[in-house]
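Here is my note, point by point. Please keep the model open as you read.

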Amino acid sequence: MNEKKLRLALVGATGLVGRTAIKVLEEKNLPIDEYVFFASSHSCGKEIVFQGKNYVVRELKEDSFDEGFDFAIFSAGGDTAKKYAPIAASHGCIVVDNSSAFRMDNDVPLVVPEVNPEEIKNNHGIIANPNCSTIQAVVPLKPLDEKYKIKRIVYSTYQAVSGAGQKGVDDLENGIKGLPNKKFPHPIFNNCLPHIDVFLENGYTKEEEKMINETRKILKRPDLKITATTVRVPVINCHSESINIEFENSFDLGDVISTLKNFPGIIVEDDVENNVYPLATNSTGYDEVFVGRIRRDYSVENGINIWVVADNIRKGAASNAIQIVEKLIENM
């Protein structure tokens, strides 16, 4: 009996995340027999070289999934996902979506494979990839919550311009040349903007709300106390985060460090005597989450501070989605 040939569609193949996904797919060499690359009408017809072959990018249409796919990775924004992901799912394709369209839907699993892989099997055709800043945060939070039970989290993020797509990168590069900004409301060069996504009526930004709500969903802690301030900084790639955590239970700092070191997907870089701590410039191109500056917060009874850095385009989007597809294939 012949084994089923697996087909994967990549939607948004020509964008910043899509291009990174292509690179990661090449590196991982999944047991996929056929790949098809989709984009908007603006990009259809472009050629992609993948695994030594030339592929022509197709325009995404309502009948694109009629031919049958096993998996689809969507990296094309919320509106595209809302329209086309249900169509793909109705044809038996499992969609892993990078947008925010389905993340808080109760019927859609929100997955970081190191943290809650068991949720993958609960899909009804769509699995959501969390926000980039949430993904890297929950990887170290998960083992700490299991061991010491988290009482409260304070997020302060320093997010790279690549998180805003190619136009964000262009704004920084143009700002260095003295050209005006087009993507951000203010120049990002030589600046920090405490403004990611739109402001909400409660004074928080949508990005801050995403981090709060997604963390609660992924950790299965709906009442967890969390606050966040998310900031765009003039860094090309890799988000950095200062995370202040208060625990219900007491802890030994050495045990916290060992717990983090032993958790999959984490690399601890914490040797301050030799100026070793996670840096954006050293984290680009990796799928791991880097953690350092691990220290006790003496202002509360059971608190710590950690510094967390990760490649927001790889682990924060492309690689996380592909890791989910790997798990789906393993479970077939």
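1. The side chains of E146 and K142 meet in a salt bridge, with 3.4 Å from N to O. A salt bridge here is a side-chain nitrogen of Lys or Arg within 4 Å of a carboxyl oxygen of Asp or Glu. Both E146 and K142 lie in helix α3, four residues apart, or about one turn of the helix. Helices are DSSP runs of H or I with at least four residues, strands are runs of E with at least two, and both are numbered from the N terminus. E146 counts as exposed at 59% relative accessibility, whereas K142 counts as buried at 17%. Buried means under 20% relative accessible area, exposed means over 50%, and partly exposed is in between (1.4 Å probe, protein chains only).

2. Some ground rules. This is a predicted model: local features need pLDDT of at least 70, side-chain atom pairs count only at pLDDT 80 or more, and totals for chains, interfaces and linings use all residues. Residues are numbered from 1 along each chain as its sequence is written, and side-chain values use heavy atoms, leaving out hydrogens and water.

3. How many salt bridges does a search of the whole structure find? The search gives 17. One of them joins R103 to E214, with the closest N and O atoms 3.3 Å apart. R103 lies in the loop between β7 (94-97) and β8, and E214 lies in helix α5 (residues 206-219), so the pair ties together parts that are 111 residues apart in sequence. Both R103 and E214 are buried.

4. Another salt bridge links K210 and D197, whose closest N and O atoms are 3.2 Å apart. K210 lies in helix α5 and D197 in the loop between α4 and α5, so this pair ties together parts 13 residues apart in sequence. K210 is buried, with a relative accessible area of 16%. D197 counts as partly exposed at 34%. Salt bridges can also share partners: R7, E34, R58 and E67 are joined that way into one network.

5. Now the open sheet. Six strands form it in the order β5-β2-β1-β6-β7-β8, and the pairing is parallel. Which strands stand at the edges? They are β5 (58-59) and β8 (126-128); each has a single partner strand, so one side of each is left without a neighbour in the sheet. Two strands pair if DSSP finds at least two bridges between them. Strand β1 (residues 7-11) and strand β2 (residues 34-39) run parallel and are joined by five bridges. V11 stands opposite F38 in β2.

6. Look next at β9 and β10. Strand β9 (residues 150-159) pairs with β10 in the parallel sense over eight bridges. T157 has T230, in β10, as its bridge partner. Is β10 (residues 225-232) mostly covered or mostly open? Mostly covered: six of its eight residues are buried.

7. Helix α6 (residues 253-261) has V256, T259 and L260 as its buried residues. Seen down the axis of α6, they fall within an arc of 95°, so they line one face of the helix. The arc is that of the directions from the helix axis to the C-beta atoms. Among the elements covering these residues are α3 (132-148), β12, β13 (289-297) and β14 (303-310).

8. Helix α4 can be read in a similar way. G168, V169, D171, L172 and G175 are buried in α4. They cover an arc of only 155° around the axis, which puts them on the same side of α4. What covers them includes α1 (16-28). Just after α4, G178 takes a positive phi of about 85°.

9. A164 lies in the loop between β9 and α4 (166-176). A164 counts as buried, at 17% relative accessibility. Leaving aside neighbours within four places in sequence, A164 is in contact (heavy atoms within 4.5 Å) with K183, F184 and R232.
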